[in-house]
Amino acid sequence: VQLQAFGGGLVQAGGSLRLSCAAFGRTVSTYTTGWFRQRPGKEREFVSSIYSSGGSTYDADSVKGRFTISRDNAKNTVYLQMNGLNDEDTAVYYCAADLRGSGFYLPSTESRAYNYWGQGTQVTVSS
């Protein structure tokens with residue numbers, strides 16, 4: 001599968017952005033997709049995930065109530081709606097796919113659970 005992340009940009013604090021992760025070669029509903037981010041000078045961290053079965057989601061505490069992950073099977077795309085952005089959200093955002101079924105033995109919050117990654121899209125929040 002190939003993943004293409006886009007939708008990043010420059011936004012003022014308090015604003016919103018919607019990131020998209022378009023998938024090519026495999027139907028998005030058949031695997032778990034995660035969003036991660038890497039802030040300047042920090043390690044990559046988990047943001048949100050959506051599971052293949054049932055479409056249930058899980059969010060990091062830092063984004064709960066502000067970010068929403070969703071999936072459009074017809075467009076084969078996973079979205080990350082980001083509201084109430086602040087400067088702590090400035091980062092490169094990556095989407096990732098777990099095609100090995102690693103979710104049986106690794107939590108979706110672990111980057112090791114994913115074996116395909118998109119190229120990243122920059123989100124910059126100005127205060």
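This report describes the strands, aromatic rings, nonpolar core and salt bridges of one predicted model.

Residues are numbered from 1 along each chain as its sequence is written, and side-chain values use heavy atoms, with hydrogens and water left out. Because the model is predicted, local features need pLDDT of at least 70 and side-chain atom pairs count only at pLDDT 80 or more, while totals for chains, interfaces and linings use all residues.

**Sheet**

Strands are DSSP runs (E, at least two residues), numbered from the N terminus, and two of them pair if DSSP finds at least two bridges between them. An open sheet is formed by four strands in the order β1-β3-β8-β7, with antiparallel pairing. The edges are held by β1 (2-6) and β7 (67-72); each has a single partner strand, so one side of each is left without a neighbour in the sheet. On average, neighbouring strands of this sheet are turned by 15° against each other, direction ignored; the axes behind such angles are lines fitted to C-alpha atoms, and angles run from 0 to 180 degrees between N-to-C directions. Between β1 and β3 (residues 17-24) there are five bridges. Phe6 stands opposite Ser20 in β3.

**Aromatic rings**

Rings of Phe, Tyr and Trp (its six-membered ring) pair if their centres lie within 6.5 Å; planes under 30 degrees apart count as stacked, over 60 as edge-to-face and the rest as tilted. The count by this rule is five aromatic pairs. Phe36 is buried at 1%, and Phe46 is buried at 11%.

Phe36 also forms a tilted pair with Trp117, at 5.2 Å centre to centre and 55° between the planes. Phe36 lies in β4 and Trp117 in strand β10 (residues 116-117), so the pair ties together parts that are 81 residues apart in sequence. Trp117 is partly exposed, at 28%. Ring pairs join Phe36, Phe46, Tyr58, Tyr114 and Trp117 into a cluster.

**Nonpolar core**

A nonpolar core is a set of buried Ala, Val, Leu, Ile, Met, Phe, Trp, Tyr and Cys residues joined through side-chain atoms within 4.5 Å. The largest one has 32 residues, and Trp35, Phe67, Leu80, Met82 and Tyr93 have the most contacts inside it. Elements giving two or more residues to this core include β8 (77-82), β9 (91-98) and β11 (121-126). The largest share, five residues, comes from β9.

**Salt bridges**

A salt bridge is a side-chain nitrogen of Lys or Arg within 4 Å of a carboxyl oxygen of Asp or Glu. The count by this rule is seven salt bridges, among them the following.

| Salt bridge | N to O distance |
|---|---|
| Glu45 and Arg37 | 2.6 Å |
| Glu88 and Arg39 | 2.7 Å |
| Arg112 and Glu110 | 3.5 Å |

Glu88, in the loop between β8 and β9, and Arg39, in the loop between β4 and β5, are 49 residues apart. Glu88 is partly exposed at 48% relative accessibility, whereas Arg39 is buried at 19%. Glu45 is partly exposed at 22%, and Arg37 is buried at 2%. Arg37, Arg39, Glu45, Arg66, Glu88 and Asp89 are linked in a network of salt bridges.

Note on methods: Buried means under 20% relative accessible area, exposed over 50%, partly exposed in between (1.4 Å probe, protein chains only).
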